[in-house]
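The following questions and answers are intended for a reader who is meeting this structure for the first time. Please look over the sequence and the model before reading on.

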Amino acid sequence: ITIGYATSITGCGVEPYTEGAAILKYSIHLSSVHGNRGGKYDYKMYALYHPNATHCALPLEELGYTLLRRDTPVNVSDIRSDDLRERIGSSGCCGEKELIKLEAYTLTQHPIVVHLDLDVIIMKPMDDVFDLMLSENRNGSYVGSDGKD
């Protein structure tokens, strides 16, 4: 089973994107079936990038990321909530471009996709969480490690 890991790049700023992407991928590698931390799942890396971030996203391909160019999935003018529509452009680091994180839901070729920012590292395998997520039985409930719902 291959877990998809996605990160997003919304623009080229002063952050060291390549270094952060390399460290993130290495930490995932160590916690996967290929590493030395006892993980049992394989992984595939994706970088979702806004067209404004093309220049700083391209080097991630050399690190083994699959690059996926994505426009902002929602037009701000289409947002119904006045409060959200007025605030989203100035919220967080990147305004409405942050919404490209939602594109991780389109990576349906993987049973699980984890979206992480580039300032994150994985310290140990997340296999227990993945096992639980993958153990959904037919009625939609989840079976615990003791075999009980």
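Q: What percentage of the 149 residues in the chain do buried residues make up?
A: The model is a predicted one. A residue counts as buried when its relative accessible area is under 20%. Of the 149 residues in the chain, the share that is buried comes to 36%.

Q: What pattern does the chain follow when read along the sequence?
A: The secondary structure consists of five helices and four strands. Taken in order along the sequence, these elements give the pattern β-α-β-α-α-β-α-β-α.

Q: Among contacts between residues at least 6 apart in sequence, what percentage join residues at least 24 apart?
A: A contact requires heavy atoms within 4.5 Å. When the residues in contact are at least 6 apart in sequence, the share that joins residues at least 24 apart is 61%.

Q: Which residues lie nearest the centre of the largest cavity?
A: The count of cavities of 30 Å³ or more comes to one. The largest cavity holds about 80 Å³ of space. Its lining is made up of 14 residues, and those nearest the centre are Y5, S31, S32, Y41 and F130.

Q: Which elements each supply at least two residues of the lining of the largest cavity?
A: By class, the lining of the largest cavity has nine nonpolar, two polar and three charged residues. At least two lining residues come from each of β1 (2-9), β2 (42-49) and α5 (127-134).

Q: How many residues apart in sequence are the parts that the pair of Y41 and F130 ties together?
A: A search of the whole structure finds one aromatic pair. Y41 and F130 form this pair, with 5.7 Å centre to centre and 85° between the planes, which is edge-to-face. Because Y41 lies in the loop between α1 (17-30) and β2 while F130 lies in helix α5, the pair ties together parts whose separation in sequence is 89 residues.

Q: Is F130 buried or exposed?
A: The cut-off for a buried residue is a relative accessible area under 20%. Y41, the partner of F130 in the aromatic pair, has a relative accessible area of 9% and is buried. For F130 the relative accessible area is 3%, so this residue is buried.

Q: Which residues does V33 touch, not counting residues up to four places away in sequence?
A: V33 is found in the loop between α1 and β2. With a relative accessible area of 44%, V33 is partly exposed. The C-alpha atoms of V33 and T2 are separated by 9.8 Å, although the two residues are 31 residues apart along the chain. Leaving out residues up to four places away in sequence, V33 touches G39, K40, Y41 and D42.

Q: How far apart in space are V113 and M45, C-alpha to C-alpha?
A: V113 lies in strand β4 (residues 113-115), and its relative accessibility of 27% makes it partly exposed. Beyond residues up to four places away in sequence, V113 touches G4, A6, A104 and L107. V113 and M45 are 68 residues apart in sequence, and their C-alpha to C-alpha distance is 9.7 Å.

Q: Which residues does C56 touch, not counting residues up to four places away in sequence?
A: C56 is part of helix α2 (residues 54-57) and is buried, with a relative accessible area of 11%. C56 and T10 are 46 residues apart in sequence, and their C-alpha atoms are 9.6 Å apart. With residues up to four places away in sequence not counted, C56 touches I9, G11, C12 and Y17.

Key:
Residues are numbered from 1 along each chain as its sequence is written. This is a predicted model: local features need pLDDT of at least 70, side-chain atom pairs count only at pLDDT 80 or more; totals for chains, interfaces and linings use all residues. Side-chain values use heavy atoms; hydrogens and water are left out. On a 1 Å grid over the protein atoms alone, a cavity is a set of points where a 1.4 Å probe fits but cannot get out, and a pocket is an open set with protein on both sides within 12 Å along at least five of seven lines; lining residues have an atom within 4 Å of a point. Grid points are joined across faces, edges and corners, and a volume is the space filled by probe spheres set on the points. Ala, Val, Leu, Ile, Met, Phe, Trp, Tyr, Cys and Pro count as nonpolar, Asp, Glu, Lys and Arg as charged, and the others, Gly among them, as polar. Rings of Phe, Tyr and Trp (its six-membered ring) pair if their centres lie within 6.5 Å; planes under 30 degrees apart count as stacked, over 60 as edge-to-face and the rest as tilted. Buried means under 20% relative accessible area, exposed over 50%, partly exposed in between (1.4 Å probe, protein chains only).
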